[in-house]
Structures are given as structure tokens and as C-alpha cells.
Amino acid sequence: MFDANFIKGCSAIGAGLAVIAGIGPGVGQGIAAGLGANAVGRNPGAKSDITSTMLLGQAVAETTGLYGLLVAMLLLFVQPLV
């Protein structure tokens, strides 16, 4: 029904849009790191608790970016319609 080049082009556009999902985690992790550094500056005695909580939150936030990367790779390299 569709030409193979059309499907490949749509897959490339979709992959580009999926990679945009990495912007949100980047901004969120930057904010979390800044607030974590601020918290350690105010209370140096709680450095280990603050750091572990911050890293756990960043790991959870990173999954969104990884899912976007996975979708982009699937769109680029797995093309069952062609």
C-alpha cells in the first residue's frame, strides 16, 4: 500500500520525536541535582541520606528517557512493514 521509502521516512521522523523524550529527564535531573547540592550545603550532616534519595529519584526519572531511546531504536532498526 505504501512505498518502502515512505515507511522509512515516517520511521525516522517518529524516532526523532521519540528522542525528544530525553529533554524532560535531563531537565528534571538537573533540578534534582541542584536542589540536592543546596540541601547538602544547608545540612552537611545528612549528605549520605540526601545523596541516596537524589540518586534514586534520578534513576526513576531516567527511565522515561531510556524508553524514548528504545522506541527510537526500534523505529530505526526494526521495520516489519518494509
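These legends walk through a predicted model of one chain, view by view. Residues are numbered from 1 along each chain as its sequence is written, and side-chain values use heavy atoms, with hydrogens and water left out. Since this is a predicted model, local features need pLDDT of at least 70 and side-chain atom pairs count only at pLDDT 80 or more, while totals for chains, interfaces and linings use all residues.

**View 1**
Start at the N terminus and the elements run α-α-α. Helices here are DSSP runs of H or I with at least four residues, strands are runs of E with at least two, and both are numbered from the N terminus. The C-alpha trace spans about 65 × 15 × 10 Å along its principal axes. The radius of gyration of the chain is 19 Å, whereas a compact globule of 82 residues would have one near 12 Å. That radius is taken over C-alpha atoms, and the globule rule is 2.2 Å times the number of residues to the power 0.38.

**View 2. The surface of the chain comes to about 5800 Å² of accessible area.**
Carbon and sulfur atoms hold 73% of that surface, as worked out by the Shrake-Rupley method with a 1.4 Å probe. Buried residues are 16% of the 82 in the chain; buried means under 20% relative accessible area, exposed over 50%, and partly exposed in between (1.4 Å probe, protein chains only).

**View 3. Helix 1 (residues 4–19) meets helix 3 (residues 47–77).**
Their axes come within 8 Å and cross at roughly 170 degrees, so the two helices are roughly antiparallel to each other. Axes are lines fitted to C-alpha atoms over the stretch in contact, and angles run from 0 to 180 degrees between N-to-C directions; over 145 degrees counts as roughly antiparallel. Contact means heavy atoms within 4.5 Å. On the helix 1 side, look for Ser 11, Ala 12, Gly 14, Ala 15, Ala 18 and Val 19; helix 3 brings Gly 68, Val 71, Ala 72, Leu 75 and Leu 76. By class, that makes eight nonpolar, three polar and no charged residues. For these classes, Ala, Val, Leu, Ile, Met, Phe, Trp, Tyr, Cys and Pro count as nonpolar, Asp, Glu, Lys and Arg as charged, and the others, Gly among them, as polar.

**View 4. Ser 11 sits in helix 1.**
With a relative accessible area of 10%, Ser 11 is buried. Setting aside its neighbours within four places in sequence, Ser 11 touches Leu 75 and Gln 79.

**View 5. Helix 2 (residues 23–42) packs against helix 3.**
Here the angle is about 175 degrees and the axes are 9 Å apart, so helix 2 and helix 3 are also roughly antiparallel to each other. Among the residues in contact are Pro 25, Gln 29 and Ala 32 of helix 2, and Lys 47, Ile 50 and Glu 62 of helix 3. Sorted by class, this contact has eight nonpolar, five polar and two charged residues.

**View 6. Gln 58 is found in helix 3.**
Gln 58 counts as buried, at 15% relative accessibility. Beyond its neighbours within four places in sequence, Gln 58 is in contact with Gln 29, Ala 32 and Ala 33.

**View 7. Phe 77 belongs to helix 3.**
At 67% relative accessibility, Phe 77 counts as exposed. Its C-alpha atom is 9.9 Å from that of Ala 12, though these residues are 65 apart along the chain.

Technical notes
Parallel < 35°, antiparallel > 145°, perpendicular 65-115°, else oblique.
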